[in-house]
Amino acid sequence: MGRLSVWAVSLQGRVWYREDVCHHNPEGSSWSLIATPGEAVQISCGPYDLLWATLWEGQTIVREGIDRNNPQGISWTIVEPPSSENGILHVSVGVNVVWAVTKDRKVWFRRGVNSHNPCGTSWIEMVGEMMMVNVGLNDQVWGIGCEDRAVYFRQGVTPSELSGKTWKAIVSVRESDRSQTGSSTSLLSAGCFFSDDVREQMNLIVQSDADISSDTESPQIQPNLADAPLSGATASVNGNNLGSQSAEASANLTVDPPDSAPEEASPASDNGEKAGLDNPQSSADQDPHPAELQWTNIDLKEAHKKPLLSASTFPETSSLSSLGMFSVGVEEHYGADEHPLWAWVCGGGCLVDSHSSLKWFTLQSGLLSSVQSLSLSISPAQTAAWRKQIFQQLSERTKRELENFRHYEQAIEQSVWVKTGTLQWWRSWKPHKWTDVRVALEQFTGNDGMRDSILFIYYMYHEEKKYIHVFLNEVTILVEVLNDAKHSFALYTPERTKQRWPIRLAAATEQEMHDWLALLSMSCCESRRIQGPPSHQAIWSVTCKGDVFVSEPSPELEATPHLMPCDQMFWRQIGGHLRLIECNSHGIVWGIGYDHTAWVYTGGYGGGFIQGLASSADNIYMQSDVKCVYIYENQRWNPVTGYSNRGLPTDRYMWSDASGLQECTKVNTKPPSPQWSWVSDWYIDFNISGGTDREGWQYAADFPASYHGHKTMKDFVRRRRWARKCKIITNGPWLEVPPITLWDIAIIPSSAADKEESIALWAVSDKGDVLCRLGVTQQNPAGTSWLHVGTDQPFMSVSIGAFHQVWAVARDGSTFYRGSVSPKKPAGDCWYHIPSPPKQKLKQVSVGRTSMLAVDKNGNLWYRQGITPSYPQGSSWDHVSNNIRKVSVGPLDQVWVIADKVQGSHSLSCGTVCHRTGVQPLEPKGLSWDYGIGGGWEHITVRGNATEAPKAALHETSEEHSANPADLEDGENGGKGNGNHSKTTLMVNEGQELDRNTVNC
């Protein structure tokens, strides 16, 4: 489509389109006037659907809506110049690029240009000053230097780096003997000079192109300057910029000018005479071989009066050879030491392979020695003074390059790097489904070394091209999504975290998904200048998929009243696979896998799919984990056959998941993701809450209800759980701690200790034994041995505070406090039973500096009142919130939880990271919840975050609290004061069902 389009600009500043131009009718039929928002001075058309033009005011206009069915496009969009002081003088477009030159001769590259977004996103300044630039067929760029008027070629232009790396001067010579300018045998013709480099590539150009090489012209074609399609106007054909006079015409055709007034022909002719057309007759009159048409050098008689011409007055031409150039100079012949002054270059007919080795930068053998001296690079001399000549040329080139390329390093740093691909996108409108999209990641590095990246997602909406874009410095997390049918991942921003609706993308293969995840993760870290291992203050979390994430806390995270929302926290992934993780402020980090294996952090970073520069070279080790996949066999009793797999129409699936909403059979149930593989067959699981009979069945009155392990007369349904083990093998900065398998772990969240001082670490084994780890230090985080702490029943949770307060929960839900624990007596002396909240059974505890919070089996969060140094067991329980899965209390008594049923503007999510705000010494329970990343999160620990809030913020907060003592008293006493806010529920409408489209990791 684009290669058969002809656009032109008349002297009156009007834009014209040539109708019906095709391969069989290259001259077209008529001109159509295209309305513009201003007077145009220059236009450039790309090989496909890009069309830009410049206005007198220095702005550019972009034609939108160009496609195969509507080659004229629909409308114009104005693009402002990079700076208001200097408007755009010249523009040139290619397939996916736009280059421009402003009035101060600065060169600019348009970022983000493609067929979906022809206007692009922003301007990027490139090093060097040019009179004009021109873009070729595959986005290769030529230019005319501002200082030396040399012809330059942009090196390093590839599909992945469209802006290239540097400008390099081309050895472009001008024949000094004017009598031989029309000779077809001259090696100095511009077309012949470059033909060796592009002859092979030119064979690839399709015959439908409007540009036909001069070698293919028929003998009957007579060049006639009077037959140019436009006189004194600027035109663009197939991505080439055409000027005011044509050096040659492609056919002996008469084309009516767009402005039909006959008076326009004579001024154009007069202008051509003033420009110095010494011999307007065709070269066929001088050349005995009319089949080969050569360029004729045209000197401008008044060039010595105006040595610096504006870009709008440059003569241009249509290219019949591979590369066309005009020289602007004086009438006198060039001397032996003079360089030609070029004014215009066009590479629209030159197809350059980005990986080919070009010969344009050195002289070809066989050239005359007098011509070799005109080269812009070092040339061999045939005289006795060749040493002096080389030294002189070297000095001139060094001076010129140092002046023009004094920002050479910045030119490389300011390059634009692009990666494109095809993925699937979970579309945001109903019906929600996977849609094929094209994605492009553009990365730009600024002068200060900061890298900025944008992810574009192009899709079709009702047969219309649309796109969404995400700035990667706004992305808060990239996380794999648990999906057995798709290799998918989710991308969150603060806004999408509030909506509970991330951008979900899926790749065709697991490797492709990991490649995109690694690239996007590295780009996010670079944009935020985050690299290396996590700090000792880092907040760690684990998804329900087992992926480990870490976030560097900001002091504003706990600084009221100017609190940083936790949905703005940036999370990056650390290799490995764990079920839970605990840490402290000395960098001691332990984790437990799904198979209850204990792991200790080695201090590295990366691992898993994160490789290369984004991963540490050492401290990365192989890691494996085993987990069980569960399905349920359901049966209903009837009087004839007893229990059978034939249920009521309203019953759940007879083979289902725990909720009964999804059908899960032994055959169609797969491992959690392709990374997992089965390591066992299906077997009946007898270890289930509520107990089972000898065959593994649990009984209940109906679905769903509370199940028990024995049958009664009122039990009409039953179920039993089947399990199958699967295994994952990955790597990360973790080392195994043998030989005891663990269920829970706790590390003292102390804020000051010597590197050699022992650090308290408690754990609960998978059998329920309570253990104390000895020899744990910063130098030896794995410790040396386990010390068994006696109990009279199996435990399931343990936690230790900053002052060695040890709390634990037994498997029956009862609570215990360990007395007399100290550095000298790490195991303490005895357990004290603490009554649980009324009618509740606890399942997890967490102890900070002075606060202790617990979660019961119904998801309620409780705060232990009355804890003092003299009475560390406390006095009573105070309810804080509901819908809580896990709680973590930090060394500053900050409270973070994993919550269920968090409402967003688009959907409801389970497993959400939430932060308790307003936690102060006078309000230890806090005031309200701040919702962070989620859902799909399983565990979080803030026990390493000892980052103090700024003193100014603390002072303001203390004044606010002291101003309302009555409210605080009412709240603590259950009155109607601010204390009511401390019991804020995470989700009021508990009956609302979860959105099936929400992300579960």
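**Exercise 1. Aromatic pairs**

Task: State how many aromatic pairs a search of the whole structure finds, and classify the pair W429 and Y461.

Solution. For W429 and Y461 the centres are 4.8 Å apart and the planes stand at 80°, so the pair is edge-to-face. This pair connects distant parts of the chain, 32 residues apart: W429 lies in the loop between β19 (416-426) and β20 (434-445), and Y461 in strand β21 (residues 451-461). Helices (H or I, at least four residues) and strands (E, at least two) are DSSP runs numbered from the N terminus.

The model is a predicted one, in which local features need pLDDT of at least 70 and side-chain atom pairs count only at pLDDT 80 or more, while totals for chains, interfaces and linings use all residues. Residues are numbered from 1 along each chain as its sequence is written, and side-chain values use heavy atoms, with hydrogens and water left out.

The next step is accessibility: buried means under 20% relative accessible area, exposed over 50%, and partly exposed in between (1.4 Å probe, protein chains only). W429, at 21%, is partly exposed, and Y461, at 30%, is also partly exposed. Ring pairs join W425, W429, Y459 and Y461 into a cluster.

**Exercise 2. A tilted pair**

Task: Describe the geometry of the pair F456 and Y467, and decide whether each residue is buried or partly exposed.

Solution. The centres of F456 and Y467 are 5.9 Å apart with 50° between the planes, and the pair is tilted. F456 belongs to strand β21 and Y467 to strand β22 (residues 464-471), eleven residues apart. With a relative accessibility of 1%, F456 is buried; Y467, at 28%, is partly exposed.

**Exercise 3. Charges over rings**

Task: Identify which ring R579 lies over, and which ring R864 lies over.

Solution. A charge sits over a ring if NZ of Lys or CZ of Arg is within 6 Å of the ring centre and within 35 degrees of the ring normal. R579 lies over the face of W743, 4.8 Å from the ring centre. The charged end of R864 sits over the ring of W877, at 4.8 Å from its centre.

**Exercise 4. Confidence**

Task: Determine which elements have the lowest and the highest mean pLDDT.

Solution. pLDDT is the predictor's confidence in each residue, from 0 to 100. The protein averages 76, and 71% of the residues score at least 70. Where pLDDT is low, the predicted coordinates should not be read in detail.

How values were computed. Phe/Tyr/Trp six-rings, centres within 6.5 Å; stacked < 30°, edge-to-face > 60°.
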